[in-house]
Amino acid sequence: MEFGIRPHLLRGRVTHLYGPARVDYAPDELLVITVVRNGALYVRSFLEHYQTLGVRHCVFLDNCSSDDTVDRLCAHAAVTVLQTDAPYQKFENTMKRYLAERFSPGRWNLCADIDELFDYPFARELPLAGFLQYLNGRRFTAAVAQMLDMFSEFPLGDVESRPDDRLMETYMYYDISAIDKHPYEWSDPPRPEVAMHRGGIRQTVFGTNNGLTKAALVLMDGKVKPFVEWHHAAGAAVADVTGVLMHYPFVSTFRRKVEDAVRTGRYGATTTEEYVGYDRELARNPRLCLKGPSARLFTGLEPLIADGFLVVSDDYLRWVRDYTRDA
């Protein structure tokens, strides 16, 4: 049904609110697509980050926000805002595929949740156009991103969040001591240096075995099928360099989101079970703090590369060196 009637049903339930209905951009430019609900705390950090990264345009599909997410998004340039009342549980992948197919045919898009900030190795030396030129030149059609859960040094119950917060300055710690790695399943043949990640700090603290790997960056070339099994792409040539999605769920609204997810089942059976685990542990330990002895202060991507959390090939390193030398 997901590839049959649902796309047709969704199209009739999408309303255009703000910004251009069509975005023209080059093969070495990037569009960000996001399905969002009640993301007001994240809007500033999200847009500042992606505009600084060099993203061409951001497209948001609001799914019945009850806060001022839409108003905050519509106050910015280089943004398109749509809205739908379609139930997320049934239409999640259809919504994301709709945005990709409508706004980025033949072009690269990055699908990121409102609490995810993407980055790639050596972005300070290599601009986004250079990164995409590398992927294009080697005929890659997808790049994997590994989720990195970020948190503060304070107990979750003490966290106070404001829309003006800059996430990267407020939630500065991560912990990768409990990452489980498995062969990557979504390319044929799989690249041995790219792995599937599971677990991490959420497994340590909450006992959940959540997946942490997404094919976040996809070239919509007509051959790749995005959002298969939620976060992966079928028929893609996967790059030999991986990026990171810095993930910021642990803001002051985390407990409220957990309670809503458990009550409504909004995220589907599998993910709802994760939220049940969060809810159970938060009820058991109201003073829960994620920062333990193995937590590290985030100082950039280089330590993540050195630890093997992120992958860079020799070919990519040469590209960065030559691009920097010729710039």
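Rings of Phe, Tyr and Trp (for Trp the six-membered ring) are taken to pair if their centres lie within 6.5 Å, and a pair counts as stacked with planes under 30 degrees apart, as edge-to-face over 60 and as tilted for the rest. Ring pairs of this kind link Phe 118, Tyr 120, Phe 131, Tyr 134, Phe 140, Tyr 316, Trp 319 and Tyr 323 into a cluster. The model is a predicted one, in which local features need pLDDT of at least 70 and side-chain atom pairs count only at pLDDT 80 or more, while totals for chains, interfaces and linings use all residues. Residues are numbered from 1 along each chain as its sequence is written, and side-chain values use heavy atoms, with hydrogens and water left out.

In total, the structure holds 19 aromatic pairs. One of them, between Phe 206 and Tyr 278, is edge-to-face, with 4.9 Å from centre to centre and 70° between the planes. Because Phe 206 belongs to helix α7 (residues 201–206) and Tyr 278 to helix α9 (residues 268–284), this pair ties together parts that are 72 residues apart in sequence; helices (H or I, at least four residues) and strands (E, at least two) are DSSP runs, numbered from the N terminus. Phe 206 is buried at a relative accessible area of 7%, and Tyr 278 likewise counts as buried, at 3%, where buried means under 20% relative accessible area, exposed over 50% and partly exposed in between (1.4 Å probe, protein chains only).

Helix α5 (residues 128–137) has as its buried residues Leu 128, Gly 130, Phe 131, Leu 132, Tyr 134 and Leu 135, and Phe 131 and Tyr 134 are also members of the ring cluster. Just after α5, Arg 139 takes a positive phi of about 60°. Val 55 is placed in the loop between α2 and β3 (57–62) and is buried, with a relative accessible area of 11%. Although Val 55 and Leu 30 are 25 residues apart in sequence, their C-alpha atoms are 5.2 Å apart in space.

Grid points are joined across faces, edges and corners, and a volume is the space filled by probe spheres set on the points. The second largest pocket holds about 580 Å³ and is lined by 25 residues, among which His 49, Asp 119, Arg 124, Met 168 and Phe 298 lie nearest its centre. Two or more lining residues come from each of α2 (43–53), β6 (116–119) and α6 (167–170), with α2 giving the most, five residues.

By the same rule, four cavities of 30 Å³ or more are counted. The largest cavity contains about 90 Å³ of space, and strand β11 (residues 213–219) gives the most to its lining, with three residues. The second largest cavity has a volume of about 50 Å³, and strand β7 (residues 142–149) supplies the largest share of its lining, three residues.

Note on methods. On a 1 Å grid over the protein atoms alone, a cavity is a set of points where a 1.4 Å probe fits but cannot get out, and a pocket is an open set with protein on both sides within 12 Å along at least five of seven lines; lining residues have an atom within 4 Å of a point.
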